Amino acid sequence: MSLPRPDGTAGTASVSVSAGPWDLWVHIEGDGPPVVLLHGLLTDSRAWDEVAARLRHRHRLIRIDAPGHGGSPARPGPYTLEEEADALVATTAELGLTDPMVWAGHSMGGMKALRVALHHPELVSGLVLVSTQPYEEPERTARPYFAMVEAAHTWGIDADLADVIGRLNFHPDFLTTPGGRGWLEHFTTLRGSDIEQACASVFGRGDISGRLAELDVPALVVHGTADIPIRIGVTRTWAPLLPQARLVEVPHCGHTPQCEQPALVAELLETFCRQARSTASVS
């Protein structure tokens, strides 16, 4: 199964935005209050396709491909998640988005959304954090992840390695669907040279859990109970550190709820955005 990019229908645009030394591919669709959607490592903006289809009639959706993912070229050298968060803010500014808005991020995308909120709080009206965490990567898990990147860099990603990546990212039931098989095919197209720096920024990140109390904005935390890369117990420890967080645990769901249960995630996101707007208007 192929996973088509946005097709240029009415209200949809895909553009390359240059913000300083960063060139990021941005997909814009829909009308209404803006919501930024950030994808996870090794996927791309298409991971939000089914959620976006349910929200585009009520929201202006800004989906941004990370370096080396989707339409965005890989970065030539190392960078941090903090530096990328600044680049995301500069990119949205180039699009004329300078008012507070909801930032939603999955896994790596959630890590960046947290950093946007810490460094640019004036631009954040709410956070939707899907299958993510604020802690540094433990050495015991960083080692095999870096080994996977090295294997991809040296030999490419064959069907067996793609299967491993798929089992980390998705519930086994989803992998039997056309969508799941499509992502397995996608993983075999990734090149180690493209994903190397993005992986380094994620696996080499610092611990920001001690600063979560600063993020006094509405926050929705969504996490699958069958998540493997970030166990549900980890999220139960950090979600209460956010002053206004609500944790929603999704049963029988793996690491990528927006793909596995898009109707639920869209409903949660829509309700959250409505409540965040109501809170902002009262304050």
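Strand β7, residues 219-224, is mostly covered, with six of its six residues buried; buried here means under 20% relative accessible area, exposed means over 50%, and partly exposed lies in between, for a 1.4 Å probe and protein chains only. Strands, of at least two residues (E), and helices, of at least four (H or I), are DSSP runs numbered from the N terminus. Please note that this is a predicted model, in which local features need pLDDT of at least 70 and side-chain atom pairs count only at pLDDT 80 or more, while totals for chains, interfaces and linings use all residues. Residues are numbered from 1 along each chain as its sequence is written, and side-chain values use heavy atoms, with hydrogens and water left out.

In a regular strand, side chains alternate between the two faces of the sheet. In β7, Ala219, Val221 and His223 point one way, Leu220, Val222 and Gly224 point the other way, and all are buried.

What pairs with β7? Strand β6, residues 124-130, pairs with β7 in the parallel sense over four bridges, where pairing requires that DSSP find at least two bridges between two strands. Leucine 129 has valine 221 of β7 as its bridge partner. Strand β8, residues 245-250, also pairs with β7 in the parallel sense, over six bridges, and histidine 223 stands opposite glutamate 249 of β8. From β7 the chain passes through helix α9, residues 232-238, to β8 in a right-handed β-α-β crossover; right-handed means that, with the strands pointing away from the viewer, the path from the first strand over the helix to the second runs clockwise.

I turn now to the loops. Leucine 215 sits in the loop between α8 and β7, and counts as buried because its relative accessibility is 4%. Its C-alpha atom is separated by 13 Å from that of tryptophan 238, 23 residues apart along the chain. Serine 131, in the loop between β6 and α4, has a phi near 50°, a positive value in a residue other than glycine. At 1% relative accessibility, serine 131 counts as buried. Histidine 252, in the loop between β8 and α10 (257-260), has a positive phi of about 55° although it is not a glycine. Is histidine 252 buried or exposed? At 65% relative accessibility, histidine 252 counts as exposed.

On a 1 Å grid over the protein atoms alone, a cavity is a set of points where a 1.4 Å probe fits but cannot get out; a pocket is an open set with protein on both sides within 12 Å along at least five of seven lines; lining residues have an atom within 4 Å of a point. Grid points are joined across faces, edges and corners, and a volume is the space filled by probe spheres set on the points.

By this rule there is one cavity of 30 Å³ or more. The largest cavity has a volume of about 280 Å³. It is lined by 20 residues, of which Leu41, Ser107, Tyr145, Phe203 and Pro229 are the closest to its centre. Helix α5 gives the largest share of this lining, three residues.

The second largest pocket holds about 220 Å³ of space. Its lining has 15 residues, with Glu137, Pro138, Arg140, Thr141 and Pro229 nearest its centre. Helix α4, residues 139-155, supplies the largest share of that lining, four residues.
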